[in-house]
Amino acid sequence: MANDQIAPTPSSIAPKHTQAERKELFEKISLLSGIPWQYLAAVDQYEKTMNASKKRTIQQPITNFYFSDANWAGKLNPDQQDTNLKSIAFFHGFGKDGSGDRIADRANDLDVLAAMTAILGKNGTKVENLQINLLNYYQNPRSVERIKQFAAIYETLGTLEANAHAFPLPVTADYSYRSTWGDSRGWGGHRSHEGTDLFAGYGVPVRSTCFGIVEIKGWNPYGGWRIGIRDLNNIYHYYAHLSGYQKNIKVNDIVKPGQTIGWVGSSGYGKPGTSGKFPPHLHFGLYRDNGTTEWSYDPYPSLRRWEREDQNKKK
């Protein structure tokens, strides 16, 4: 692409605030750059989660790609607000002109997209090349893994409209729960409870609370038969003490809100297959990821909100 332009005129960046319009923008850039739209969308979404966790401010109205002054202008550039293409290139900055106005403006979505497509496509646009380029840019395998997961979700769904949620149990079932996050636990050593326990009978369906990808499945000495799902907000949804899994569900499957993934049980607190050491219930946890570490937070407010939403759908 001559002069790094990814669109013929600045008029192409008229505000696109809906997810459908954002997808259309990524698809257009994909045609010009050769980079799959789902990877552009996945990097943009990953950047959005990092902006939130690191409290970073972006200037462009549509996309979420973040470049620091030093990365945009070049670390040794004496003018950290530089928009001149020649001096930015001289100091090895990432800044590009994607709109055709011959300046590199971090507040311009097309300029930021041009910079990111240059990074992503540096050594080729095949998926394996994209992942190498991402690793070179982020210097963090965890970041690459998250972007791969997001891209898989977008590719399967074919849309960016993936923010709906569901309560983990059918609201028509007989269940009870209260906030138990932070309560003391003793089995396996003193520890605090990182989740909410939802008590229900054996065999009550356990459902995905989100659009996401199955990240882990199998036995855990504490959680028994458990499953973990990563959503597009980089939040890990953890389901434990299951009596079994939905047939054929496996790691890397894409799931949707309300989809059955297993059933309530009382597995855990021992070697594989241990069950019955406590009343049947679902342990549900939520964990945030800031790119380097992950930590739990109280899922009770989210559960109450999703429960109300599901109850309203039944009316």
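Student: How does the lining of the largest cavity divide by class?
Tutor: Five of its residues are nonpolar, three polar and one charged. Here Ala, Val, Leu, Ile, Met, Phe, Trp, Tyr, Cys and Pro count as nonpolar, Asp, Glu, Lys and Arg as charged, and the others, Gly among them, as polar. The model is predicted: local features need pLDDT of at least 70 and side-chain atom pairs 80 or more, while totals for chains, interfaces and linings use all residues. Numbering starts from 1 along each chain as its sequence is written, and side-chain values use heavy atoms, without hydrogens or water.

Student: Which residues line the largest cavity?
Tutor: The lining is Ala-162, Asn-163, Ala-164, His-165, Cys-210, Phe-211, Asp-231, Leu-232 and Asn-233. A cavity is a set of points on a 1 Å grid where a 1.4 Å probe fits but cannot get out, and lining residues have an atom within 4 Å of a point.

Student: How much space lies in there?
Tutor: About 40 Å³, counted as the space filled by probe spheres set on the points. Searching the whole structure turns up one cavity of 30 Å³ or more.

Student: At what angle do α2 and α7 cross?
Tutor: Roughly 125 degrees, with the axes coming within 8 Å. That makes α2 and α7 oblique to each other. The contact of α2 with α7 has ten nonpolar, three polar and three charged residues.

Student: And α6 with α7, what's the angle there?
Tutor: The axes of α6 and α7 (residues 141-157) cross at roughly 135 degrees and come within 8 Å. α6 and α7 are therefore oblique too.

Student: Which residues meet?
Tutor: Gln-131, Leu-134, Leu-135 and Tyr-138 in α6 meet Pro-141, Ser-143, Val-144, Ile-147 and Lys-148 in α7. By class, that's six nonpolar, two polar and one charged.

How values were computed: Axes are lines fitted to C-alpha atoms, for helices over the stretch in contact, and angles run from 0 to 180 degrees between N-to-C directions. Helices (H or I, at least four residues) and strands (E, at least two) are DSSP runs, numbered from the N terminus. Angles under 35 degrees count as roughly parallel, over 145 as roughly antiparallel, 65 to 115 as roughly perpendicular and the rest as oblique. Contact means heavy atoms within 4.5 Å. On a 1 Å grid over the protein atoms alone, a cavity is a set of points where a 1.4 Å probe fits but cannot get out, and a pocket is an open set with protein on both sides within 12 Å along at least five of seven lines; lining residues have an atom within 4 Å of a point.
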